Amino acid sequence: MAVTARERHEELGLSLDDVRGMYRVMLMTRMVSERILQLNRMGRTPFGAGTDGHEAAQIGAAWNIRRGKDWLVPYYRDMGVAFALGVTPLEEFRMVLAKATDEHSAGRQILNQFSKPRDRIVTRSVCVGTEFPHAVGLALAIRNRREPNIVFAFGGDASTSPGDFHEAANFASVHHLPVVFVIENNLLAISTRFEQQMAVRNVADRAAAYAMPGFIADGMDVLDSYAKTKEAAAITRGGGGPTLVELKCYRYQPHTSDDDDSRYRTKDEVREWMAKDPVEHARTYLLEHGVTEEDLTRVRAGLDAEIEAAITQAESEPDPRPEDATRHVYAEGHPLPDGTRA
Ligand SMILES: Cc1ncc(C[n+]2csc(CCOP(=O)(O)OP(=O)(O)O)c2C)c(N)n1
């Protein structure tokens with residue numbers, strides 16, 4: 001009997017159904033991201049920060065996170081990571097529209113500051129890099145509690161420039177903590193290009209300074225992003241201490257809905273990266289492996305219906321009440337000097 005070479009996904013321990021599942025979340029992320037920008041241009045949402053171009057990096061890496069067991073500290077561009085862990089378009093639109101029903105911050109934070117205790121998704125501030133000391137503190141806590149889980153801390157390339165990252169990486173490596181740093185390198189920090197913000201050629205080169213293994217993945221390819229993050233996570237899960245994965249990708253939309261990207265990049269550069277569209281790339285892989293066009297059309301139609309229903313539902317829900325402005329900001333119920341309670 002002829003021995004056939006195993007397919008890439010099989011080599012990684014994934015079924016074709018797993019890859020189809022990854023593709024569904026990638027497409028969901030793309031469609032929601034585009035819809036947020038459209039609604040912004042129509043004056044129906046205040047602000048957006050597109051995920052387009054980061055889907056393979058985010059979903060490939062996130063497929064290694066064990067939901068409800070491992071801890072996730074995402075950054076503001078990580079809608080795809082959150083979707084991979086079960087956050088829904090309805091939750092997203094409640095957040096985007098700052099509705100009272102938003103379970104992540106009850107309409108307090110700007111979009112994508114995910115917070116979901118039951119799934120161990122931990123919120124961070126929008127200040128770039130501040131997530132890393134929090135993530136490392138978490139890693140110390142779970143190590144002290146002898147939890148068999150690990151922490152995934154996400155950030156952009158520029159989040160590895162402030163001191164927060166270096167202090168966190170140093171502490172994690174000295175104390176051998178169970179944390180994987182996952183860095184989405186889209187070559188830009190708003191308008192500041194990669195070469196202007198660090199002298200090393202790769203973010204992964206920084207790992208050596210902290211005696212951590214550093215991996216580089218093609219962040220436009222979901223299977224490579226999955227594979228490299230899997231290797232890093234295996235070391236960290238096995239007690240090998242912190243690791244770092246750099247996912248090389250590109251952001252297609254402006255930095256946010258308030259940014260004019262024509263001032264710092266050419267249309268040609270964007271077009272060049274568009275030719276490597278991670279969602280299209282995953283779609284082609286599925287078609288080459290026997291998934292039909294009809295099946296993928298059904299996936300898109302199902303997502304379309306879910307997303308439109310989510311927008312209608314979220315828009316119909318109440319805004320936060322002015323009298324609740326300080327709720328979820330200050331502790332409630334603690335004793336005051338006059339004997340009453342806050
Ligand atoms: C401490 C701090 N400095 C500056 C900013 C303003 N700021 C917001 S996003 C951003 C760029 C971050 O780039 P990167 O980490 O590469 O992530 P990307 O947005 O490209 O995904 C900057 C400088 C901030 N939020 N926090």
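Asn-112 sits in the loop between helix H5 (89–96) and helix H6 (131–144). Helices (H or I, at least four residues) and strands (E, at least two) are DSSP runs, numbered from the N terminus. This is a predicted model, in which local features need pLDDT of at least 70, side-chain atom pairs count only at pLDDT 80 or more, and totals for chains, interfaces and linings use all residues. Residues are numbered from 1 along each chain as its sequence is written, and side-chain values use heavy atoms, with hydrogens and water left out.

**Loop residues with positive phi**

- Most residues other than glycine have a negative phi.
- Asn-112 has a positive phi, near 65°, and is not a glycine.
- Asn-112 counts as buried because its relative accessible area is 2%. Buried means under 20% relative accessible area, exposed over 50%, and partly exposed in between (1.4 Å probe, protein chains only).
- Arg-146 also is not a glycine, and its phi is positive at about 60°.
- Arg-146 lies in the loop between H6 and S2.
- With a relative accessible area of 74%, Arg-146 is exposed.

**Two serines**

- Ser-159 is found in the loop between strand S2 (151–156) and helix H7 (163–174).
- Ser-159 has 4% relative accessibility, so it counts as buried.
- A polar side-chain atom of Ser-159 lies 2.6 Å from the backbone oxygen of Gly-156. A polar contact is a pair of N or O atoms within 3.5 Å; within protein, one must be able to donate a hydrogen and the other to accept it, and residues adjacent in sequence count only if both atoms are side-chain atoms.
- Ser-316 belongs to helix H12 (residues 293–316).
- Ser-316 counts as exposed because its relative accessibility is 57%.
- The Ser-316 side chain reaches the backbone oxygen of Gln-313 at 2.7 Å.
- Ser-316 and Lys-99 are 217 residues apart in sequence, yet 9.5 Å apart in space, C-alpha to C-alpha.

**Ligand surroundings**

- There are 15 residues around the ligand, and Tyr-75, Tyr-76, Arg-77, Asn-186 and Leu-188 come nearest. A residue is near a molecule or strand if one of its heavy atoms lies within 4 Å of it.
- By class, this shell holds 9 nonpolar, 4 polar and 2 charged residues. Ala, Val, Leu, Ile, Met, Phe, Trp, Tyr, Cys and Pro count as nonpolar, Asp, Glu, Lys and Arg as charged, and the others, Gly among them, as polar.
- Tyr-75 places a polar side-chain atom 2.7 Å from an oxygen atom of the ligand.
- For Asp-157, a polar side-chain atom lies 3.2 Å from a ligand oxygen.
- For His-255, the corresponding distance to a ligand oxygen is 3.5 Å.
- The protein covers 70% of the 580 Å² of accessible area that the ligand has on its own. Accessible areas come from the Shrake-Rupley method with a 1.4 Å probe; for residues, only the protein chains shown count as cover.

**Cavities**

- The structure holds 3 cavities of 30 Å³ or more. On a 1 Å grid over the protein atoms alone, a cavity is a set of points where a 1.4 Å probe fits but cannot get out; lining residues have an atom within 4 Å of a point.
- The largest cavity has a volume of about 40 Å³. A volume is the space filled by probe spheres set on the points.
- Its lining includes Arg-8, Asp-221, Leu-223 and Tyr-285.
- H11 gives the largest share of that lining, 3 residues.
- The lining of the largest cavity divides into 5 nonpolar, 1 polar and 2 charged residues.

Definitions and conventions. On a 1 Å grid over the protein atoms alone, a cavity is a set of points where a 1.4 Å probe fits but cannot get out, and a pocket is an open set with protein on both sides within 12 Å along at least five of seven lines; lining residues have an atom within 4 Å of a point.
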